[in-house]
Amino acid sequence: MSVTELSVKSARPGARENVRAAPVGMQKGQQTKAAIVDAALGLATQIGLEGLSIGALAEVMRMSKSGVFAHFGSREELQISVIREYFARFEEEVFYPALKEARGLPRVHALFGNWMKRVAVELQSGCIFISGAVEFDDRPGPVRDALATSVQTWLAAMYRAVVLAKEAGHLRADADERQIAFEIHGLILALHYEARFLKTPGSIERTRQAFQSILARYGNGGALATSLPKPV
């Protein structure tokens, strides 16, 4: 399925090389690399991509620095591998389950609901997309490109879901699809700031209410009521 059909798979910032569990038949070197990336991802969610180092990872993995370095060649390639893995997991948890829902607002609702479930975990562990944006927003290079491409690909999928909802008649004919997608993204960013940084009580529920308000403002009356699933 292409990006225009709501798939971000073909537009990843690179082919997926690492997974959490090594598949049957994977070579030992690939298994080791996958384990290193998994450990690096755990570290990055806590200390950020910039905090990753070959030395720290070698200590966690109980390997030599040269052994870790041999799998990536550079700290930069390690960071990019972590971004790719993070994005792949995001797809599996948020995007692909939503494709089971009908095109239109049911799918938009599912995308947002799955996104909220992931954020609920990230409020404790941290989000690489957000911390990475702070670390690399003004630092051009492959790491920033990998981060930006991942986020842009995901936002393009959300935008496409909104477009399909409008085509299905679930949104008003004059609804601005880009504005809707922008506002939904803004809710997630505000939630991270309010809940993780400011520790504001009730942030998750306020975010859900705000999402319902977006749908109410742009929804197409009766079509909206019949297309919506139960509240997230």
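Okay, let's start with helix α6. In α6, which runs over residues 128–136, the buried residues are I128, F129, G132, E135 and F136. Buried here means under 20% relative accessible area, exposed means over 50%, and partly exposed is what sits in between, with a 1.4 Å probe and protein chains only. These five span an arc of only 125 degrees around the axis, so they sit on the same side of α6. That arc is taken from the directions going from the helix axis to the C-beta atoms. As background, an α-helix has 3.6 residues a turn, so residues three or four places apart point the same way.

And what do the buried residues of α6 pack against? They pack against α1 (28–47), α4 (75–98) and α7 (142–167). A contact, by the way, is heavy atoms within 4.5 Å.

Quick word on where this comes from. It's a predicted model, so local features need pLDDT of at least 70 and side-chain atom pairs count only at pLDDT 80 or more, while totals for chains, interfaces and linings use all residues. Residues are numbered from 1 along each chain as its sequence is written, and side-chain values use heavy atoms, with hydrogens and water left out.

Now the overall picture. The protein chain has ten helices and zero strands. For the record, helices (H or I, at least four residues) and strands (E, at least two) are DSSP runs, numbered from the N terminus. Of its 232 residues, 43% count as buried. If you take the contacts with a separation of 6 or more, 72% of them are between residues 24 or more positions apart. The accessible surface comes to about 11500 Å², and carbon and sulfur atoms own 55% of that. Those areas are Shrake-Rupley with a 1.4 Å probe, and for residues only the protein chains shown count as cover.

On to the inside. The largest nonpolar core has 57 residues, and the ones touching the most other members are L49, V82, W115, W154 and I184. Which helix gives the most to this core? That's α4, with ten residues. A nonpolar core, as used here, is a set of buried Ala, Val, Leu, Ile, Met, Phe, Trp, Tyr and Cys residues joined through side-chain atoms within 4.5 Å.

Next, charges. A salt bridge is a side-chain nitrogen of Lys or Arg within 4 Å of a carboxyl oxygen of Asp or Glu, and by that rule we get ten of them. Let me pick out a few. D38 and R89 meet at 2.5 Å, N to O. D38 is in helix α1 and R89 is in helix α4, so this pair ties together parts 51 residues apart in sequence.

E50 is partly exposed at 32%, and R75 is partly exposed at 31%. E77 also bridges to R84, with the closest N and O atoms 3.7 Å apart. And salt bridges with shared partners join D38, E85 and R89 into one network.

R62 isn't a glycine, yet its phi is positive, about 55 degrees. R62 sits in the loop between α2 and α3 (65–72) and is exposed at 79% relative accessibility. K199 is another non-glycine with a positive phi, near 55 degrees. You'll find K199 in the loop between α8 and α9 (203–218), exposed at 58%.

While we're around α2: G55 is in that helix.

Last stop, the surface. Y193, F197 and L198 make a nonpolar patch with about 350 Å² of accessible area together. Patches take residues with over 30% relative accessible area and no salt bridge; like charges are joined within 9 Å, and nonpolar side chains (Val, Leu, Ile, Met, Phe, Trp, Tyr) within 5 Å. Y193 belongs to helix α8, residues 177–197, and is partly exposed at 48%.
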